[in-house]
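Please keep the model open as you read.

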Amino acid sequence: MTRKDWMHYIGIILLGAALSVAWGVLSGLLHLDRIYSNQVQEQMFSEALPLQIAVYGFFSPVMEEILFRWLLYGLFRRWLPEKASAVLCAALFALWHGNLIQILYAFPMGLLFQFLYRRDRTLLSPVCCHIGANMTAILVEALIH
């Protein structure tokens with residue numbers, strides 16, 4: 001990879017990190033955690049930090065991007081227009097996260113990941129953005145608590 005490629009992917013990681021922080025601030029201002037249960041995230045953050053980093057920081061983003069951006073999107077594109085396929089994948093990605101707080105965040109993130117996949121024609125872009133978002137959430141939570 002060239003220096004330009006490295007800078008591109010670092011920018012995508014930082015985009016994911018910035019969106020993760022922005023969502024954390026917004027959901028805090030809206031007191032979403034007081035209104036809706038977030039048991040999935042609470043369970044995730046109760047694990048040991050090295051496990052969180054390995055599983056939720058790296059493994060899950062890679063596997064979810066393979067499943068939603070590559071496999072399901074590829075299948076849906078056989079029968080549906082591009083935009084409908086992207087929205088359907090983002091909706092399924094959001095529902096996969098299992099609770100309303102994460103659904104509200106995961107749907108637009110799924111659309112962004114789909115956009116990155118289509119624009120760059122590689123899974124590396126949505127994987128990097130997803131890793132940036134998840135790792136930021138994990139590290140911020142670890143620093144706060």
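## How two helices cross

A crossing is called right-handed if the near helix is turned clockwise from the far one by less than a right angle, and left-handed if the turn is anticlockwise. With that in mind, note that this is a predicted model, and that in it the crossing of α1 and α7 is right-handed. The axes of helix α1 (residues 3-29) and helix α7 (residues 124-144) come within 7 Å and cross at roughly 40°. The two helices are therefore oblique to each other.

Which residues make the contact? On the α1 side they are H8, Y9, I12, I13, L15, G16, A17, S20 and V21. From α7 come L124, S125, C128, C129, G132, A133, T136 and A137. By type, the residues of this contact divide into eleven nonpolar, six polar and no charged.

## Aromatic pairs

Searching the whole structure turns up five aromatic pairs. One of them joins W23 and Y105: the ring centres are 5.6 Å apart and the planes lie at 25°, so this pair is stacked. W23 sits in helix α1 and Y105 in helix α6 (residues 100-120), so to speak a link between distant parts of the chain, 82 residues apart. W23 and Y105 are both buried.

For F93 and F113, the ring centres are 5.8 Å apart with planes at 75°, so the pair is edge-to-face. Because F93 belongs to helix α5 (residues 82-96) and F113 to helix α6, this pair ties together parts 20 residues apart in sequence. Both F93 and F113 are buried.

## A cluster of rings

F93 and F113 also belong to a cluster, in which ring pairs link F68, F93, W96 and F113.

Conventions:
Residues are numbered from 1 along each chain as its sequence is written. This is a predicted model: local features need pLDDT of at least 70, side-chain atom pairs count only at pLDDT 80 or more; totals for chains, interfaces and linings use all residues. Side-chain values use heavy atoms; hydrogens and water are left out. Axes are lines fitted to C-alpha atoms, for helices over the stretch in contact, and angles run from 0 to 180 degrees between N-to-C directions. Helices (H or I, at least four residues) and strands (E, at least two) are DSSP runs, numbered from the N terminus. Angles under 35 degrees count as roughly parallel, over 145 as roughly antiparallel, 65 to 115 as roughly perpendicular and the rest as oblique. Contact means heavy atoms within 4.5 Å. Ala, Val, Leu, Ile, Met, Phe, Trp, Tyr, Cys and Pro count as nonpolar, Asp, Glu, Lys and Arg as charged, and the others, Gly among them, as polar. Rings of Phe, Tyr and Trp (its six-membered ring) pair if their centres lie within 6.5 Å; planes under 30 degrees apart count as stacked, over 60 as edge-to-face and the rest as tilted. Buried means under 20% relative accessible area, exposed over 50%, partly exposed in between (1.4 Å probe, protein chains only).
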